[in-house]
Amino acid sequence: MHLNTRKTGMLTMFSNIECQKMLLVVMSLSITTWIIFEISQNSTKLWTALNTSISFHSWNTSTKSSCPEMPMNQSKLPTETKLRGEIPKMTTPVKSLTEKELRVREILSKLDGQIPPRPFTHLNTTTSATHSTATILNPRVKYCKGDQLDILVEARDYLRNRKEYGGDFLRARMSSPALKAGASGKVTDFNNGTYLVSFTLFWEGLVSLSVLLIHPSEGVSALWRARNQGYDRIAFKGKFVNGTSQVLTECGLTLNSSNELCKYLYSGGEEVFYCMKPQHMPCEALTHVCTKQQDVSFLTDKEKDLFQKSNIGVEMMKNPKYISVSQCNKSENGRKKCQMGMEIPTPSGYTFRGSWMAAQCKQSLFSSSQISDCLKGKLIYLLGDSTLRQWINYFPKVAKTLKPFDLHGTGLYKKHLLLDAERHTLLEWKKHSHPFITVQLYSVIDDGYIPQEIDRLPGDKDTVIVITLGQHFRPFPMELFIRRAISIQKAIERLFLRSPDTKVIIKTENIREMHLDTEKFGDIHGYIQYLTMKDIFKDLHVGIIDAWDMTIACGSYLLHPPDEVIGNQIAVFLNYIC
C-alpha cells in the first residue's frame, strides 16, 4: 500500500512536467505567430510606403512645370529608415509656384472661362448681324444732353434662331461728323444672346448710332484657341557681326533645335531670347534682329470663313440710326481737375470739335509757352512701341523749344531724343524689347525690357515715365503678354518704394485696321490685352491714357492714329504732369 502511494506520486510529478512542456510549446507557438503577424504588418506598410513613393515620383515626372524631375541615386537601395524619412519630400513639390506664376494662371483661367469653346457645324449657326435686332429701350421724342440711351441687342443666327449664349465681339459708337464729335458705347453681355449697349449723350445735335458685330462668339472662341497654340506665326532673324564677317541665324522666344543655341537672359532670367549660334562667332556678337510673318495658321478652313472681309464689322443697327439731342437747360456739376490715380470710367470720354473731353474730370488747355514752362527740368521717358514714338514727332509742334538730338543710331527704331538745354528738359523714346515685329533690322546693343529700364531710373518728382504695350504681342500666346505686364507692374512698385513722387502713365493700346490678318493682329486680341492691362494696373497710383476708347471715339481705324489723336493723347498727358 505504501508502494502504490509512491507510484501514484511519481506519476503525478511526471504528469505535471508534461503539462509544463506542453504549456511552453503553446506559448512558443503563440509568440512565433505574433512575431510573424507583426512582420507581415510591417512588410505591408513598407510596400505601401514604397508604392506611394513610386506613384508620387511618377506624378512629379509627368508635371515638370510644377515639380522639376529629381535625379535618382541607383547606386544603393535605401534602407527602410531612409525611405520613411524621404516620403514627405517625395510628396511635397520641390519648387512651389511663385506669386507671379499663380497670378498668371489665375488671369488665364479667368479668360478661359470668359471665352469658352464654341464649336459650330456651319456658318449658318453663327451670329448674323443682319438677322439680329438692336432696339432702343424706352424711346423718346426728345433726348437731353447728359441722358443715357440704352439699346437692347438680341443675337440671332443666319437661320433666324435666337442665340442662347453670349461672347460676340461688339463695338458701339455714337458720332456727329459735322461737330467732329464721337464716343464709344458700353456693352454689357448677359451671356444668353442678349446685350445692353449704353450711350451717354455727351453733346447736343443730331447723333448717329452704330453697333458693329466685329466677330461672332464662335469666331472669338476660335481666335482665342488659335492664339494660345504657339509662337510659330512670327519668325525672328539675328545678325551676328565679327569684324568684317556678318551672319544671319534663326532666333526666337522659343527655339526647338538640336544645334548649339545662344541664350540671352533678361530681368533675372524671367525673359529669355534664343538664337542659333553661328560657327566661329561668340553669342556676344549679336547686334541686330528683324522679323518675318510666317504663313502659319491654327484655324480650320471652316473657321477662316468667319473672318472674310464681308463678315467683319457688320452693322447691327437698323432704324432709327439717328436721334436728336437738346441742351434742355441742364447744368453741369463742377468736376475735379484730372489727376494721377483717378478711376477711369467706361466710356472714359468723348471728342468734340476734334478735342478730347474726359468724362470724369476737368482738363486744362495749355499754350505752347505754358507747355515749355511745365516741362522745365523734367526727364520724360517714353517706353513702348511705335504708337508712342509718334509722340516724339508731335511734341516739337506744341513745345517748340524741344529739338531733336542725334544719337547716331540708324533706322526708325533707334533711340530718339528731344532736348531743351536751356530749360533742362529731356524727352526720350526707347522701344520695348522682344517681341518687336518689323522687317527692318533693329539694334539690340542697348536693348532693355521695360522692367529693366524702370529699374535703372532713380526717379524723383521731375521724372515721368510713359509706358505702352500690346500691338507687338498680339500674334503670340496671351501668357507672354500677361507675364510682361506683371513684370512691369512689379517694377513700378519697386520704383514707388524708392521714389514715390515719380509719375508713371500707362497709355493703353489703340484699335487698328479692321480688315487685316485677323488671326495675328485682330482687335479682339488687343481688346483682351486692354482689359487685362487695366486689371493688372488698377491698384497702382498711375495715370491712364485710354487710347483704346479714344480711337473708337475718333473713328480712327489705323495702327498709327492721325496727329489729331496724338495731340489729344499728349493733352491728357500734360494734364497729369502740369
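In this tour, Ala, Val, Leu, Ile, Met, Phe, Trp, Tyr, Cys and Pro count as nonpolar, Asp, Glu, Lys and Arg as charged, and the others, Gly among them, as polar. The model is predicted, with local features needing pLDDT of at least 70 and side-chain atom pairs pLDDT 80 or more, while totals for chains, interfaces and linings use all residues. Residues are numbered from 1 along each chain as its sequence is written, and side-chain values use heavy atoms, without hydrogens and water.

Select its lining (residues with an atom within 4 Å of a point), which includes Arg171, Arg512, Gly522 and Asp523. The lining divides into 5 nonpolar, 3 polar and 4 charged residues.

Next, select aspartate 523, which is in helix H11 (residues 523-536); helices are DSSP runs of H or I with at least four residues, numbered from the N terminus. Aspartate 523 counts as buried because its relative accessibility is 7%, and buried means under 20% relative accessible area (1.4 Å probe, protein chains only). A polar atom of its side chain lies 3.3 Å from the backbone nitrogen of arginine 512.

Finally, move to the largest cavity, with a volume of about 130 Å³. Among the residues closest to its centre are Trp356 and Tyr576. Helix H13 gives the most to this lining, with 3 residues.

How values were computed:
Helices (H or I, at least four residues) and strands (E, at least two) are DSSP runs, numbered from the N terminus. Buried means under 20% relative accessible area, exposed over 50%, partly exposed in between (1.4 Å probe, protein chains only). A polar contact is a pair of N or O atoms within 3.5 Å; within protein, one must be able to donate a hydrogen and the other to accept it, and residues adjacent in sequence count only if both atoms are side-chain atoms. On a 1 Å grid over the protein atoms alone, a cavity is a set of points where a 1.4 Å probe fits but cannot get out, and a pocket is an open set with protein on both sides within 12 Å along at least five of seven lines; lining residues have an atom within 4 Å of a point. Grid points are joined across faces, edges and corners, and a volume is the space filled by probe spheres set on the points.
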